[in-house]
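Subject: Structure handover, with notes on a pocket and a ligand

Dear colleague,

Please find the structure below, followed by a short account of what was found in it.

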Amino acid sequence: MTTDIGLGHPQAQSVRSDEDVVRVRQLVRSVAVAVKLSLVDQTKVVTAASELARNTLVYGGGGTVEVTTVDSGRRKGLRIVFADSGPGIADLDLALTDGYTTGGGLGLGLSGSRRLVDEFEIETSAETGTRITVTKWAR
Ligand SMILES: Nc1ncnc2c1ncn2[C@@H]1O[C@H](COP(=O)(O)OP(=O)(O)OP(=O)(O)O)[C@@H](O)[C@H]1O
Ligand SMILES: [Mg+2]
């Protein structure tokens, strides 16, 4: 975080439906192209965003996604914040374990997303909900 010199102006998308998750994918793809991520890295960050936005919808009861460009002076990248006011994640270590699900999914969304990005932070509580920030840098 301390390396950020430039922060772009955020583009926001609310997440209330499956169509909104598709819009998140499109927004993330377009910003990833704009900051010149490779095709492979574009796909990685779009996949991560899709999983996290789906969690925002399913477990968080909906929320918002904000996409911002970042510039370290050396590299450009994008940062995405997924925020909801849902119940929070009770056991974060468990939730980040491959295969753990409370919703009958594959339990790979959080753990897989973490592996697909360069930086991954979660703030979660029952009072404030869940806020996940991910960053992907162009190489
Ligand atoms: N935004 C959120 N708010 C509350 N709980 C969440 C949130 N995101 C994830 N969780 C919890 O963490 C668990 C693991 O999430 P993860 O995305 O890894 O798996 P999943 O959504 O259950 O399955 P998959 O994503 O593989 O279909 C979820 O089952 C849920 O209990
Ligand atoms: Mg999931």
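The residues that line the largest pocket divide into 14 nonpolar, eleven polar and four charged, where Ala, Val, Leu, Ile, Met, Phe, Trp, Tyr, Cys and Pro count as nonpolar, Asp, Glu, Lys and Arg as charged, and the others, Gly among them, as polar. Please keep in mind that this is a predicted model, in which local features need pLDDT of at least 70 and side-chain atom pairs count only at pLDDT 80 or more, while totals for chains, interfaces and linings use all residues. Residues are numbered from 1 along each chain as its sequence is written, chains are lettered from A and ligands numbered from 1 in the order in which they are written, and side-chain values use heavy atoms, with hydrogens and water left out.

A pocket here is an open set of points on a 1 Å grid over the protein atoms alone, where a 1.4 Å probe fits, with protein on both sides within 12 Å along at least five of seven lines, and lining residues have an atom within 4 Å of a point. Helix α2 gives the most to the lining of the largest pocket, with six residues; helices are DSSP runs (H or I, at least four residues), numbered from the N terminus.

Ligand 1 sits in this largest pocket, meaning that more than half of its atoms lie within 2 Å of the pocket's grid points. Around ligand 1 there are 18 residues, the closest being N55, Y59, T101, T102 and L108, and a residue is counted if one of its heavy atoms lies within 4 Å.

As for polar contacts (pairs of N or O atoms within 3.5 Å), a polar side-chain atom of D84 lies 2.9 Å from a nitrogen atom of ligand 1. An oxygen atom of ligand 1 is 3.2 Å from a polar backbone atom of L106, and a backbone N or O atom of G109 lies 3.1 Å from an oxygen atom of ligand 1.

With best wishes

Note on methods:
Helix = DSSP H or I, 4+ residues; strand = E, 2+ residues; numbered from the N terminus. Polar contact = N/O pair within 3.5 Å; in protein donor to acceptor, adjacent residues only side chain to side chain.
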